[in-house]
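Please keep the structure open while reading.

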Amino acid sequence: MSAGLDNLEHIVVLMMENRSFDHMLGALYAQDPRINGLRGNETNPDTTNEPVAVQPLADFQGQLDPDPDHHFPAVHKQLFFGTPGFGTPGPFVPVPPMQGFVQSYWDQEHNVAHSHKIMYYFAAGSLPVLHTLARSYAVFNGWFASIPGPTTCNRAFAHYGTSFGQVSLDIFYVKEPFLSIYDRLLQAGRTTKLYYFDQSSSTIEVVNLLKNQPRIFATYDQFLEDCKRGTLPDYSFIEPNYSDHIGDGGGELVASDQHPDHDVQEGEDFIASIYNAIRQNPDLWKSTALLLTYDEHGGIHDHVPPPSCVADTPFQASLQDTGGVPFLFDRLGVRVPAILISPWIPKGTVVPGPEDPVNGQVFEHASIPGTVTRHFGLNPDNRSVREKNARTFLDLLGDEMRPDVDCPHFERSV
Amino acid sequence: MAEQLVVRVPKTRRSSFDPNRPLTKNVLLQTQVKHFRHVEEKLPLAEQTGIDIARLATEGQAADYIRRVTQKLHARAKD
């Protein structure tokens, strides 16, 4: 066991909303070719059959309105357009060509010019927080959403290691024998909290968790206080602010989830605040691993085909939800940004993904409860097939703790 | 000796704040409201908000509804 793992007492997960890897981190390929981002020649055809190239023109707000469709049928088109099932004759193509993002976005407004914006990505340095963290700690080339679909079911994989057969935004119920990672921790005498931003933003997991276990929830302000006091639980899951609203003190609170068309810059500040809160307590900093990731791609372009995976037996998706496509939870969703942050991670770590057939590693949101279960020695039984087979990520923590001066600091505007 | 990298985080544009943004623009928030309503329906009538979610038109209104139900759920846990 590494010294980093020996020292690890807290795991914190911050899950943002609806942005693909290439959209947020694709520009970093130009700075470090180990990062599997964009070369600049990636294209998708538009409805006039003209190739639309990726461009570093993404803005913080105002471009992705309407919210790009990312329900299962739309994502299926984004992945498999141009193959059998979408007007092209021939046998089933197991590796999606990733050629349908522009046409899928066009479906919503029939506006050719606007549909091109789904190919935009953030220029290097335009996301100072995310780009700095990706270059300073460990960035994953192969972290994928768990399902080619929307938020609720993808977040379920982070909480339960499965979505219990759900591929849509509809309500699902926990089914025995599976337990949430929070129940598993509590049964083992461990501590855990879900931190939502405030009561007006609350949680996406209301039906199963907030309704039945409100005591495991706390606010973002409480997270900051717990970091300051050194009272952070063993495992923390943080949800951003999902809406623009007036805060309890009367202040204007801008959504920080980065869900289109919310302001990406506010999300940058939120991420920085989480990082700083951990970083500014020296005891916490050396004993905490922070995973920053996104629940799914939000309908935005990525060039890496999601790989297949073990089926989540016994679950199968409703054909009504998939648009008639049989789905056994045996392939992953679109790639999302994921960064593991700890002073025990060598600077500039790039975790290879599917682009490296020898050393590549694939992660998904079931890797989260899988990693927590493994690290805290929880009962490994009664977990989903997907979670049991998901790769864990704490072996990235090494033997040497980086000196304080080697770890970036974020100076937030007041 | 190397200097620490200090990164300044730009301030979000003030004009970004829009609690009157139509709820129809955000499918996730609409879904969150529906899920909160599903949970609220299970509460005793006296503890329900009495808000008709079909009348929620903006992000700010959705947030206010979610806050009220969240408070109810926490209050029940204290009883």
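Predicted model: local features only at pLDDT ≥ 70, side-chain atom pairs only at ≥ 80, totals over all residues.

Residues are numbered from 1 along each chain as its sequence is written, while chains are lettered from A and ligands numbered from 1 in the order in which they are written.

**Sheet**

Helices (H or I, at least four residues) and strands (E, at least two) are DSSP runs, numbered from the N terminus. Two strands pair if DSSP finds at least two bridges between them. Chain A holds an open sheet of eight strands with mixed pairing, in the order S7-S6-S8-S1-S11-S12-S4-S13. Which strands stand at the edges? They are S7 (217-219) and S13 (349-351) of chain A; each has a single partner strand, so one side of each lacks a neighbour in the sheet. From one strand to the next, the twist averages 20°. Angles run from 0 to 180 degrees between N-to-C directions, and axes are lines fitted to C-alpha atoms, for helices over the stretch in contact.

Helix H10 (residues 220-229) of chain A packs on this sheet. H10 touches S6 (192-196), S7 and S8 of chain A, and its direction makes about 85° with that of S7(A). Contact here requires C-beta atoms, placed from the backbone, within 7 Å. Within the sheet, S1 (residues 10-16) and S8 (residues 235-238) of chain A pair in the parallel sense over four bridges. A:Ile11 has A:Tyr235 of S8(A) as its bridge partner.

**Core**

A residue is buried if 20 or more other C-beta atoms lie within 10 Å of its own, exposed if 12 or fewer, and partly exposed in between; C-beta atoms are placed from the backbone. A nonpolar core is a set of buried Ala, Val, Leu, Ile, Met, Phe, Trp, Tyr and Cys residues joined through C-beta atoms within 7 Å. The largest such core has 127 residues. Among those with the most contacts inside it are A:Val13, A:Leu14 and A:Ile271. Helix H11 (residues 264-279) of chain A gives the largest share, seven residues. Beyond its neighbours within four places in sequence, A:Ile271 contacts A:Leu14, A:Val129, A:Leu130 and A:Leu292.

**Helix packing**

The axes of H3(A) and H4(A) come within 7 Å and cross at roughly 145°. H3(A) contributes A:Ala74, A:Lys77 and A:Gln78, and H4(A) contributes A:Phe101, A:Gln103 and A:Ser104. By class, that makes two nonpolar, three polar and one charged residues. Ala, Val, Leu, Ile, Met, Phe, Trp, Tyr, Cys and Pro count as nonpolar, Asp, Glu, Lys and Arg as charged, and the others, Gly among them, as polar.

**Chain contact**

How many residues does each chain bring to the contact? Chain A brings 45 residues and chain B 39 residues. On the side of chain B, the elements giving two or more residues are S1 (6-9), H1 (27-40) and H2 (59-78). H2(B) supplies the largest share, 12 residues. This side of chain B has 18 nonpolar, 12 polar and nine charged residues. Strand pairing also crosses between the chains: S15 (residues 409-412) of chain A and S1(B) run parallel, joined by four bridges. Within S1(B), B:Arg8 stands opposite A:Glu411.

**Backbone sites**

Most residues other than glycine have a negative phi, and most peptide bonds are trans.

A:Pro66 lies in the loop between S3 (51-53) and H3 (72-80) of chain A. A:Pro66 is partly exposed, with 16 C-beta neighbours inside 10 Å. Not counting residues up to four places away in sequence, A:Pro66 touches A:Gln108, A:Glu109 and B:Lys25. A:Pro314 sits in the loop between S11 (288-294) and H13 (319-322) of chain A.

A:Met98 is in the loop between H3 and H4 (101-109) of chain A. Is A:Met98 buried or exposed? A:Met98 counts as buried, because 22 C-beta neighbours lie inside 10 Å. A:Phe164, in the loop between H7 (151-160) and H8 (181-187) of chain A, is partly exposed, with 16 other C-beta atoms within 10 Å.

Key. Contact = placed C-beta atoms within 7 Å.
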